[in-house]
Amino acid sequence: MTQLQTLIEEIPKYQPGADLAVLERAYRFSERSHRGQQRASGEPYLSHPLEVASLLVAFKMDVTTVTAGLLHDVLEDTGATKAELEREFGKEIAELVDGVTKLGKLAFSSREERQAENFRKMLVAMARDLRVLMIKMADRLHNMRTLDYLAQDRGRKIAQETLDIYAPLAHRLGMAKVKAELEDLALRTLSPDAYVDLQKRVAKRRLEREADINHVITIIERKLREVGIESQIRGRPKHFYSIFKKMHDQGREFDEIYDLTAVRAITNSVRDCYGALGVIHSLWKPVPGRFKDFIAMPKVNMYQSLHTTVIGPKGDPVEIQIRTWEMHRIAEEGIAAHWLYKEKKTGKDKLDESLAWLRQLIETQQDTKDPREFLDSVRVDLFPDEVYVFTPKGDVKALPDGATPIDFAFAVHTKVGEHCVGAKVNGKLVPLRTTLRQGDIVEIVTSSNQHPSRDWLKFVKSTRARAKINQWLKIEERARSIELGRELFEREAKKYRLNPAALLTGEEMARAAADLGYPTADDVLAAVGYGKASVHQLLNKLAPGATLDTVERPRTAAGTRPKTDQGVRIRGVDDLLVRFAKCCNPLPGDQIVGFITRGRGLTVHARDCLTVAKSVLDRERLINVEWDVEAPALEPAKRPVRIAVYIGNDRPGLLSEITGAIGSKNGNITKAEVTVTDDRRGINNFVVEVADLSQLQDIMTAIREVPDVINVERVRGL
């Protein structure tokens with residue numbers, strides 16, 4: 001009861017008037033439910049929910065959350081029911097405990113798909129009530145503190161999961177102290193030798209390093225007093241995992257890491273923060289490129305501070321952080337620092353803005369059905385380093401490190417992203433794959449004729465952009481699948497002298513679609529085109545009297561490879577309708593592969609096409625194909641290909657010279673789109689008919705020789 005009494009005494013300090021009687025009832029309920037149970041350490045099981053509740057009090061969570069923390073394991077580990085909890089403590093607490101119980105059952109498997117689905121469940125629980133995650137975070141922190149009592153294999157699995165998921169989530173929630181402790185505890189389990197070695201090395205250098213830092217602190221304190229700035233200066237030792245990661249990622253020895261301890265200056269106002277920065281920079285030279293203003297541009301987790309690194313009195317780099325007391329509280333406690341404040345507010349505030357990443361993830365998990373694709377997008381975008389860039393009007397957009405103009409365009413608006421044809425960065429036209437840097441001013445050039453390209457997926461970094469591109473491509477893919485499904489059906493129906501138009505438009509089609517488990521006729525045709533449903537199966541539903549055995553198929557002579565009228569040889573399969581993929585638009589000379597549907601259609605892709613790379617689950621539908629180089633030397637079939645020509649300086653006659661270069665290599669232009677900016681730069685997009693890859697390369701070489709052409713790129717898709 002001593003721990004319970006401490007909780008009862010602490011909560012009113014930050015939540016006056018809270019109903020504390022519910023805590024005593026929850027304690028008695030938890031004690032009764034867990035009676036006779038023990039932890040791996042041999043302690044009574046009740047010690048764990050008490051510690052979780054204590055951590056929630058340290059996070060300054062409301063009494064409802066603390067109560068749920070006391071009860072968080074009763075549904076999973078005892079005979080208590082949700083109905084019983086709701087009757088005793090109300091619906092809100094019962095829902096919180098139920099939410100934590102579902103998360104507790106998420107055993108992150110080594111199987112990627114199951115892990116992705118568990119991510120999904122956690123995301124849904126967070127979206128419903130973020131306090132569920134706060135309880136789970138406290139639960140995980142106490143479990144990590146007592147990890148030594150578990151079997152080694154199980155402990156390592158939990159530590160790795162903590163490092164992969166819970167520590168980055170703590171970072172996203174702005175809970176710096178929790179993140180640091182979780183990372184250090186995980187390192188101690190996963191790399192015990194490295195952890196012990198770091199402990200010894202840090203301890204050995206501590207006295208010497210502390211003396212140096214204390215000297216720096218004394219100088220700063222004296223100078224700030226002289227200019228009338230009240231402050232508290234502290235040394236802040238780096239946690240072990242951050243040192244370990246720096247050594248591992250940068251290949252540095254321990255003795256090469258000088259910033260084992262940083263200096264933190266806490267002032268009373270934002271004005272004093274900038275004043276203190278000026279004083280510090282007058283004392284020691286700042287290291288170029290190491291100043292960051294997170295006060296003017298806060299991180300997405302609400303973190304604010306000025307960061308600078310200076311060359312200290314002994315010639316070593318010294319990292320210094322400057323912030324106000326309120327900023328310090330938010331930096332240490334993160335979202336927990338805003339929780340009670342949020343209870344008293346209505347409408348949008350900084351907390352809502354800081355959780356934009358959560359809303360984007362929810363949007364992504366709704367749009368992305370493939371669990372592995374979802375997991376990849378989460379890994380990319382859930383815990384990024386941010387780069388801050390500006391719109392021409394001065395609005396700030398926070399994007400993942402490595403983001404491109406395409407990411408920026410989708411951050412502005414989905415339609416801007418979908419129609420993005422070019423971008424100007426700091427007034428200069430740049431390729432869409434350009435990596436944006438801190439402080440860039442980005443302007444997007446749009447065209448109603450432009451649409452997302454699958455190639456964009458190769459370089460976009462943000463979850464939002466990736467999800468929106470995939471969503472658009474899937475809609476387009478569905479339209480193409482319906483078209484192909486219709487063609488396959490019509491072709492098959494004609495072999496039996498049936499009227500395909502009558503079959504597809506009659507009432508029987510709706511019944512056949514329902515029988516096959518599809519809501520509409522378009523859905524079943526899309527399934528046929530994609531290969532999820534058999535064209536013969538649909539035909540038999542619509543015309544039960546027709547049998548496939550009544551029509552004799554032409555056979556290919558043994559030992560030969562079937563040809564198609566598309567200039568492609570197919571190994572081992574005959575009688576296929578051949579189409580060329582619009583996503584990669586292969587040309588003779590490209591390495592190609594065939595993607596076969598159960599509806600007997602074949603789509604030819606370039607081997608490096610992203611569609612092929614993502615079809616790991618459908619490997620049995622990939623077949624070897626090759627260009628028919630032995631075909632008779634007739635007039636070769638022309639295929640359209642899209643090229644982008646980047647212009648450095650537009651001038652009279654330039655377009656004529658470019659088209660002349662194309663014509664000189666016998667290329668036929670079927671479509672042209674010219675975009676020129678005010679500074680005379682531009683992008684010219686051409687669709688050109690060519691016979692093969694060699695001709696395309698000749699055309700691109702000829703264009704590059706035209707004065708004022710910066711670059712020429714082949715654009716996959718049309």
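Asp139 and Lys136 form a salt bridge, with their closest N and O atoms 3.2 Å apart. This is a predicted model. Across the whole structure, a search finds 20 salt bridges.

- Asp139 and Lys136 both belong to helix 9.
- They are three residues apart there, so about one helical turn separates them.
- Are Asp139 and Lys136 buried or exposed? Both residues are buried.

**A salt bridge between distant parts of the chain: Arg131 and Asp62**

- Arg131 pairs with Asp62 in a salt bridge, and their closest N and O atoms are 3.0 Å apart.
- The two residues come from distant parts of the chain, 69 residues apart.
- Arg131 sits in helix 9, which covers residues 131-145.
- Asp62 sits in the loop between helix 3 (47-58) and helix 4 (63-70).
- Arg131 has a relative accessible area of 8%, so Arg131 counts as buried.
- Asp62 has a relative accessible area of 2%, so Asp62 is buried too.

- Asp522 forms a salt bridge with Arg486, and the closest N and O atoms are 4.0 Å apart.
- Asp522 is partly exposed, because its relative accessible area is 34%.
- Arg486 is partly exposed as well, because its relative accessible area is 32%.

- Three strands make an open sheet, and their order is 9-8-10.
- The pairing in this sheet is antiparallel.
- Which strands stand at the edges? They are strand 9 (428-430) and strand 10 (442-446).
- Each edge strand has a single partner strand, so one side of each has no neighbour in the sheet.
- From one strand to the next, the twist averages 35 degrees.
- How many bridges join strand 8 to strand 10? There are five, and the two strands run antiparallel.
- Strand 8 spans residues 420-425.
- Ala423 has Ile444, in strand 10, as its bridge partner.
- Helix 20 (residues 405-412) lies across strand 8, strand 9 and strand 10.
- Helix 20 runs at about 80 degrees to strand 10.

**Two residues with positive phi**

- Lys60 is not a glycine, yet its phi is positive, at about 60 degrees.
- Where is Lys60? Lys60 is in the loop between helix 3 and helix 4, and Asp62 belongs to the loop between these helices too.
- Lys60 has a relative accessible area of 31%, so Lys60 is partly exposed.
- Asn666 is another residue other than glycine with a positive phi, near 65 degrees.
- Asn666 is found in the loop between helix 28 (654-664) and strand 18 (668-676).
- Asn666 is exposed, because its relative accessible area is 60%.

Conventions. Residues are numbered from 1 along each chain as its sequence is written. This is a predicted model: local features need pLDDT of at least 70, side-chain atom pairs count only at pLDDT 80 or more; totals for chains, interfaces and linings use all residues. Side-chain values use heavy atoms; hydrogens and water are left out. Two strands pair if DSSP finds at least two bridges between them. Helices (H or I, at least four residues) and strands (E, at least two) are DSSP runs, numbered from the N terminus. Axes are lines fitted to C-alpha atoms, for helices over the stretch in contact, and angles run from 0 to 180 degrees between N-to-C directions. Contact means heavy atoms within 4.5 Å. A salt bridge is a side-chain nitrogen of Lys or Arg within 4 Å of a carboxyl oxygen of Asp or Glu. Buried means under 20% relative accessible area, exposed over 50%, partly exposed in between (1.4 Å probe, protein chains only).
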